[in-house]
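Welcome, and please open the structure in your viewer. We will go from one selection to the next, with a short note on what is there at each stop.

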Amino acid sequence: VSPRSLILAAVLLHAVAAAPPPARTITWQEAAPAHGRLGAAGITPQSFPAFIDRIARTNARRVREGDLDHLVFYLLQSTTFTKLPPIEPALSARTFAGTGEVPLDVRARVRALLSAVRSGGGDARLSYFRAIVRALLPAGNAAEGALLQEYGRAMKFLYEKEFVAQKSDRRAADIAELYRTRGLSTDTAVEAGFLVREGLAVLHAVAPEFRVRRVLIVGPGLDLAPRTGLIDARPPESYQPWTVIDALLSIGLARSDDLQVVCADINPRVVEHIRRAAAKPPRLTFAPEIQETATVSLTADFRAYVADLGKAIGNPVQPSIARAVTAERLDIVTQRLAARDFDLAIATNILPYFDDMELLLALSNIAAMLAPRGVFLHNEPRPAMEEVSRTVGLTLEQARTAIVANVRGAPPLVDSVFVHRKPGG
Ligand SMILES: C[S@@+](CC[C@H](N)C(=O)[O-])C[C@H]1O[C@@H](n2cnc3c(N)ncnc32)[C@H](O)[C@@H]1O
């Protein structure tokens, strides 16, 4: 064996040792907190692997549908790949529901998008959607028909949400129900960071000695194309890794030379985006998605939050801070990472996509990855959270609600934050 090959072997060994272990599917034993509920649903240790496999396959389909929903919202609203007037998705959904026919203006935009995808070039957002078209739609002439079908599927959901559920006596419950089966959206905006910062500030105020070194962000998201108000001018971005670090550093909960942030998302596009951003730190546009209008006004607290964003991490993000961020592919319902030492886990705007059993499995995975005395922070207000978090041993310590924007003639836009802690330590 030559010294050279010995060195090579040592380098390879080091590389293997340094790579974090990938996500692993949970076993029956690991799902112990859920045994009671699983048993009540007729799931036994023997049928558990097939049950988990079914959820994993359903989630993979939901990732695909979520990407295609964004593609449809992009094709309707973007003003970069065509000069055709943008179409408001909810209005298009109503027209489609009324006639059962794909409107002509939509057909024209579908053709324009596919032609732009084929001709190459364009901005970063179009490049993302080119990758989605290539990965998820058939090649050649069949793409148009397939995309029109996806338009119909996306519009059906939107019509149910914006028109049917809005009129229901059980409005909130009906919308929540729709979320538990819909495609997994990657939508995100700086708004999500407002209450996270509030939760972290409260945590620091009540326990000044608590320090955060290892953070898990579950479902950080990527703002590909929201269902309304698409702004083409800024490139697709994942804000949460940066707003969380910014909050931790500015509050004094963490130190930049001693922080690791693991972003875990089921969508490979989100994971790849964050890995690229960690290697080449982005310049971020910290602009809220909610637009101020004659009837909508952002609160002073929220505006102050946005104005301060980026002060602790720099913009572009300082390379030393970006190096703290890694990304892993993970289905939080069916999998967990080997690490059990996270001081803080954050999951915002992801739990509504899970039914109560999936919620229990996801929380049991999060609880297992937390260190003793570790903190779990989320914004899911559904009543089931109380029992589920107790079942997995995460005690609710703090809850806050704040107004993001006031709306004349309608209830304000609010968000909440809940801070739980794992016992021990
Ligand atoms: C609506 S986005 C929210 C993004 C961000 N947390 C925020 O609050 O703005 C939900 C994110 O969770 C991810 N997600 C959904 N289901 C997941 C699962 N089972 N495991 C891991 N990530 C999931 C989606 O891919 C997406 O990136």
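Start by selecting Phe-302, which counts as buried because its relative accessibility is 0% (buried means under 20% relative accessible area, exposed over 50% and partly exposed in between, with a 1.4 Å probe and protein chains only). Phe-302 sits in helix H12, residues 300-308 (helices, H or I with at least four residues, and strands, E with at least two, are DSSP runs numbered from the N terminus). Now show what surrounds Phe-302: leaving aside neighbours within four places in sequence, Phe-302 is in contact with Glu-191, Phe-194, Pro-288 and Val-404 (contact means heavy atoms within 4.5 Å).

A word on what you are looking at: this is a predicted model, in which local features need pLDDT of at least 70 and side-chain atom pairs count only at pLDDT 80 or more, while totals for chains, interfaces and linings use all residues. Residues are numbered from 1 along each chain as its sequence is written, and side-chain values use heavy atoms, with hydrogens and water left out.

Next, select the ligand. Which residues come nearest to the ligand? Of the 24 residues around it, these are Thr-188, Gly-219, Gln-240, Asp-265 and Thr-348 (a residue is near if one of its heavy atoms lies within 4 Å). The shell has 11 nonpolar, 10 polar and 3 charged residues; here Ala, Val, Leu, Ile, Met, Phe, Trp, Tyr, Cys and Pro count as nonpolar, Asp, Glu, Lys and Arg as charged, and the others, Gly among them, as polar.

Zoom in on the atoms around the ligand:

- Thr-188 has a polar side-chain atom 2.5 Å from a ligand oxygen atom.
- Gly-219 places a backbone N or O atom 2.7 Å from a ligand nitrogen atom.
- Gly-221 has a polar backbone atom 3.3 Å from an oxygen atom of the ligand.

On its own the ligand has 600 Å² of accessible area, and the protein covers 98% of that (areas come from the Shrake-Rupley method with a 1.4 Å probe).

Now colour the aromatic side chains. The structure holds 10 aromatic pairs; rings of Phe, Tyr and Trp (its six-membered ring) pair if their centres lie within 6.5 Å, with planes under 30 degrees apart counted as stacked, over 60 as edge-to-face and the rest as tilted. Tyr-74 and Phe-81 make a tilted pair, because their ring centres are 5.6 Å apart and their planes are at 40°. Tyr-74 is buried at 0% relative accessibility, and Phe-81 is buried at 12%. Phe-96 and Tyr-151 are edge-to-face, because their planes are at 70°, with ring centres 5.4 Å apart. Phe-96 lies in helix H4 (residues 89-99) and Tyr-151 in helix H7 (residues 142-167), so this pair ties together parts 55 residues apart in sequence.

Move on to Arg-269 in helix H11, residues 268-279. Is Arg-269 buried or exposed? At 15% relative accessibility, Arg-269 counts as buried. Not counting residues up to four places away in sequence, Arg-269 touches several residues, including Asp-67, Ala-131 and Leu-222.

Finish with the backbone. The peptide bond from Asn-315 to Pro-316 is cis, with omega near 5°, and Pro-316 is in the loop between H12 and helix H13 (319-322). Asn-349 is not a glycine, although its phi is positive at about 55°; Asn-349 is partly exposed at 42% relative accessibility.

Methods: A polar contact is a pair of N or O atoms within 3.5 Å; within protein, one must be able to donate a hydrogen and the other to accept it, and residues adjacent in sequence count only if both atoms are side-chain atoms.
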